[in-house]
Amino acid sequence: MHLLRGALPVLLSCLFCASSLADDNTASPEEQVRSHISRYVQAFNNEDLDGLTSLWAEEGVLTNLTTGESTNGRTQIVAAVKDFLTEQPQAHLSGTVSQV
């Protein structure tokens with residue numbers, strides 16, 4: 001799993017399912033994005049594969065910015081993350097949103 005090795009330098013494109021971002025009609029788009037990223041980080045750190053699956057769009061793409069390797073599709077992305085977490089049990093993800 002070269003795609004996920006190291007510190008996980010990745011570009012998460014098509015990460016958010018449009019329907020789940022629209023679940024909270026009272027939150028601003030920025031609040032929705034921040035909440036979604038927080039939920040993703042929490043699911044990753046808790047090794048919650050169901051939670052991760054729910055946050056990826058069916059046609060999502062995970063791209064490693066260091067190697068340029070891409071994994072396409074929700075099922076393949078979650079499988080790659082599962083393999084990574086098995087190989088790197090001490091892995092911890094953090095995220096910061098600076099601008100939406």
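# Briefing: aromatic pairs, core and confidence

The structure holds two aromatic pairs. One of them joins Tyr40 and Trp56, whose ring centres are 6.0 Å apart with planes at 75°, so this pair is edge-to-face. The model is a predicted one; the chain averages a pLDDT of 80, and 75% of the residues score at least 70. Four helices and three strands make up the secondary structure.

**Aromatic pairs**

- Tyr40 belongs to helix H2 and Trp56 to the loop between H3 and E2, so their pair ties together parts that are 16 residues apart in sequence.
- Tyr40 has a relative accessibility of 7% and therefore counts as buried.
- Trp56 is buried too, its relative accessible area being 1%.
- The rings of Phe44 and Phe84 form a tilted pair, with 6.3 Å from centre to centre and 35° between the planes.
- This pair links distant parts of the chain, since Phe44 sits in helix H2 and Phe84 in helix H4, 40 residues apart.
- Phe44 is buried, at a relative accessible area of 3%, and Phe84 is buried at 2%.
- The distance of the centres and the angle of the planes are what describe a pair of aromatic rings.

**Nonpolar core**

- The largest nonpolar core has 14 residues, of which Tyr40, Phe44, Leu52, Trp56 and Val81 touch the most other members.
- Helix H2 (29-45), helix H3 (49-55) and helix H4 (74-87) are the elements that give two or more residues to this core.
- H4 supplies five residues, the largest share of the core.
- Leu52 is in contact with Tyr40, Ala43, Phe44, Val78 and Val81, leaving aside neighbours within four places in sequence.
- In soluble globular proteins, nonpolar side chains tend to be buried together.

**Overall layout**

- Starting at the N terminus, the order of elements in the chain is β-α-α-α-β-β-α.
- The chain has 100 residues, and 35% of them are buried.
- Taking the contacts between residues at least 6 apart in sequence, 65% join residues at least 24 apart.

**Asn64 in strand E2**

- Asn64 is placed in strand E2, which covers residues 61-64.
- With 2% relative accessibility, Asn64 counts as buried, the cut-off being under 20%.
- The Asn64 side chain reaches the backbone nitrogen of Thr67 at 3.1 Å.

- Glu47 is found in the loop between H2 and H3, and its phi is near 55°, a positive value in a residue other than glycine.
- At 45% relative accessibility, Glu47 counts as partly exposed.
- Thr86 lies in helix H4 and counts as exposed, at 59% relative accessibility.
- Between Thr86 and Glu47 there are 9.6 Å in space, C-alpha to C-alpha, while the two are 39 residues apart in sequence.
- The side chain of Thr86 also reaches the backbone oxygen of Lys82, at 3.0 Å.

**Val100 after helix H4**

- Val100 is in the segment after H4.
- A relative accessibility of 53% makes Val100 count as exposed.
- Val100 touches Glu30 and Val33, not counting residues up to four places away in sequence.
- The C-alpha atoms of Val100 and Glu31 are separated by 9.1 Å, although these residues are 69 apart along the chain.

**Confidence along the chain**

- Strand E3 (residues 70-72) has the highest confidence, at a mean of 95, and strand E1 (residues 10-13) the lowest, at 44.
- Over residues 5-16 pLDDT stays under 50.
- For residues 5-16 the model has 41 contacts beyond four places in sequence.
- Where pLDDT is low, the predicted coordinates should not be read in detail.

Note on methods: Residues are numbered from 1 along each chain as its sequence is written. Side-chain values use heavy atoms; hydrogens and water are left out. pLDDT is the predictor's confidence in each residue, from 0 to 100. Contact means heavy atoms within 4.5 Å. Buried means under 20% relative accessible area, exposed over 50%, partly exposed in between (1.4 Å probe, protein chains only). A nonpolar core is a set of buried Ala, Val, Leu, Ile, Met, Phe, Trp, Tyr and Cys residues joined through side-chain atoms within 4.5 Å. A polar contact is a pair of N or O atoms within 3.5 Å; within protein, one must be able to donate a hydrogen and the other to accept it, and residues adjacent in sequence count only if both atoms are side-chain atoms. Rings of Phe, Tyr and Trp (its six-membered ring) pair if their centres lie within 6.5 Å; planes under 30 degrees apart count as stacked, over 60 as edge-to-face and the rest as tilted.
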